[in-house]
Amino acid sequence: MRAVSATDDHDDRNASDPVVSVENVTFGYGGQPVLQDVSLEVESGAFLGVVGPNGSGKSTLLELVLGLRRPDSGEVRLFGESSASFDDGERVGYVAQNVAGAVRSMPVTVKEAVRMGRYPHRLVGRFTESDRRAVADALDRVDIADLADRRVGRLSGGQRQRVFIARALAAEADLLALDEPTVGVDAESREAFYDLLADLNSDGLTVILVEHDIGVVTARASEIACLNRELYYHGDPETFADAGALAEAYGTNQRILHHDH
Amino acid sequence: MLELSTLTNVALLTGFFEWFLTDAYGTVMDLLAEVSGVRVFGYPYMQRAYLAVVCIGIVGPLVGTFLVHRELSMIGDTLAHTAFAGVAVGLFVNSAFSLSVNPLATALVVAVVTALLVELLVEYTEAHSDTSLAIVLTGGFAVGSVLITATDGGISVGIDAYLFGSLATVSKSSVGLLLAITLLVTALVAATYRPLLYVTFDETAARAASIDVARYNRLMVVLTAVVVVSAMQIMGVILVAAMLVVPVAAAARTARTFKQSLLLAVLAAEFAGIVGVTISYHYGVAAGGSIVLAAIGVYAMTLAGGVVSDVRKRVVPNGRRGDRSERVVEADGGDERET
């Protein structure tokens, strides 16, 4: 059931489609199983926190959701469309770990980086007034308008991750996917960053956050998925603690609530 | 690829180029020679050399900027060395079968095919590896050297010109070709500027945004092959990659925006090219080497400029803003650790 991709209209999908649907997905790297028979759905407006130990397949799950990888078996759908053939790039914003190489050394300003959010809308041709407004609004929304002319590589880690959020907002994305975005960001900026995510979520943006810090996730997410190759838990943060999934997923002798770096 | 559509079109283009080279560009350069008193500007073969380095100074950094920032500087060098194998193939075929194929044409074919193969390898294995590039680079050069010696030294004459570059080989037709390639490459980079920038800056996010990353990567390596082969005659196989790397490195240190870095890289390359060609003529030394040394000189100046402004920052903590150099300690960078 493919949406008519020739139009930019976001409403031509079936409104009842979940934003993300993962069905019986199995994936491995060269015979090494990473995910086994994982199924979950993310409804519009949700804030899903994905937790699990190192190497549990959290990031891989996110890559499968975004169509960056193909599952060995099972199916991943984005906005009702197979994520392998999904081509509404502007609907998805992605924020990677805070370590990417080119981002550090490349002479790209904050404004140039945020403008990239409009590129899926306008790969060639002049930016229109609405493109420019979307960029300006995005800079304002994450409070980095005063940094617009600075080089992204010369910002602090927390500021830089806000730039990537702004890029997704400029795209007018419906789904924001983040892969451990605050690794190496100082504690104060982390708090502010997650507050911003919670704010954006309450404005209606669907958020999927892969995070190793369970405390951060349970405090802000509307649902938790606990993963270690298999899906151990998917539900409310409130019942998560009692479900025993944590100990099961991490193994009982692991120090689960400590950062592993 | 060059498609010879109809003979009349070619004749028309040649006629236009002839007019441009002698009547327009030639007249301007003659005037420049008279006004400035620099006589070399007036010699037709030096006029061609200057026009050629101006072209190289545009396309080298234009393509190189997207390579350097993806840490793919080695690609240019690798393709140049395989292009050398292509030159050898052309010379070998000519000598063995009494043909007269232009060695640059075989060089272009071999370099483009290698570029696409390397890119496919990367797509398949998902990693650019220094090791595989080094194997392709040395392998290309090995094929070239074997082919050249395989004909009893008959074709090794003139091979120096390809290895080290030469101003003397810059004919009217090769300048014409370089000019056409410059227009083509500039137009292609301008048309694909946004996806190229996105893919260079953040490949994963670009893929998540449904940009066809593989297509633009292929475009990039093919453009690199084209640029390297067309600049090879002047710069030489061994040094040509420098024009894709050194000016870009200099610009990256001083530029504020990405667009500005493209412009500054082109300016640095133009400066190095014109200074290098002039020095090469006056002292009778290799053009390619002179140009590269001039480019490295520019890079060294940006380094020195950076050190000076850093020191000044430290001495006068609230130094005036608007310093030419942007190497200001603007952000503490956080204390990032990798896990």
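User: How do β6(A) and β7(A) run, and how many bridges join them?

Analyst: This is a predicted model, and what follows is computed from it. β6(A) and β7(A) are joined by bridges and run parallel. The number of bridges is four.

User: What is the bridge partner of A:L176 in β8(A)?

Analyst: Strand β7 (residues 175-179) of chain A pairs with strand β8 (residues 206-210) of chain A in the parallel sense, over five bridges. For A:L176, the partner in β8(A) is A:V207.

User: What are the edge strands of the sheet in chain A?

Analyst: Six strands of chain A form an open sheet with mixed pairing, in the order β6-β7-β8-β3-β9-β10. An edge strand pairs on one side only, and this holds for β6 (92-95) and β10 (230-235) of chain A. Direction ignored, neighbouring strands of this sheet are turned by 15° against each other on average. The edge strands are β6 and β10 of chain A.

User: Which strands does helix α6 of chain A touch?

Analyst: Helix α1 (residues 58-65) of chain A packs on the sheet, touching β3 (47-51), β6, β7, β8 and β9 (223-228) of chain A, and its direction makes about 145° with that of β8(A). Helix α6 (residues 187-202) of chain A also packs on the sheet, and its direction makes about 150° with that of β8(A). The strands that α6 touches are β3, β7 and β8 of chain A.

User: Is the aromatic pair of A:F79 and A:F86 stacked or tilted?

Analyst: The structure holds 14 aromatic pairs over all chains. In the pair of A:F79 and A:F86, the centres are 5.8 Å apart and the planes make 25°. Planes under 30 degrees apart count as stacked, so the pair of A:F79 and A:F86 is stacked.

User: What lies over the face of A:F79?

Analyst: A:F79 is buried, with a relative accessible area of 4%. A:F86 is buried as well, at 9% relative accessibility. At 3.8 Å from the ring centre of A:F79, over its face, lies A:R91.

User: Which helices hold A:F164 and B:F201?

Analyst: The ring centres of A:F164 and B:F201 are 6.2 Å apart and their planes are at 45°, so the pair is tilted. A:F164 is buried at a relative accessible area of 6%, and B:F201 is buried at 2%. The pair joins two chains because A:F164 lies in helix α5 (residues 157-170) of chain A and B:F201 in helix α8 (residues 193-201) of chain B.

User: Which residue has its charged end over the ring of A:F127?

Analyst: A:F127 forms one aromatic cluster with A:Y119 and B:Y198. The charged end over its ring, 4.1 Å from the centre, is that of A:R115.

User: How many helices does chain B have?

Analyst: Buried residues make up 49% of the 339 residues in chain B. Of contacts in chain B between residues at least 6 apart in sequence, 74% join residues at least 24 apart. The secondary structure of chain B has zero strands, and its helices number 13.

User: How many disulfides does the structure hold?

Analyst: A:C226 is buried, at 0% relative accessibility. B:C55 is buried too, with a relative accessible area of 4%. Over all chains, the number of disulfides is zero.

Notes: Residues numbered from 1 in each chain as written. Chains lettered and ligands numbered in written order. Predicted model: local features only at pLDDT ≥ 70, side-chain atom pairs only at ≥ 80, totals over all residues. Heavy atoms only, no water. Phe/Tyr/Trp six-rings, centres within 6.5 Å; stacked < 30°, edge-to-face > 60°. Buried < 20%, exposed > 50% of the residue type's maximum accessible area, 1.4 Å probe, protein only. Lys NZ or Arg CZ within 6 Å of the ring centre and 35° of its normal. Disulfide = S-S within 2.5 Å. Pairing = 2+ DSSP bridges. Axes fitted to C-alpha atoms, helices over the stretch in contact; angles between N-to-C directions. Contact = heavy atoms within 4.5 Å.
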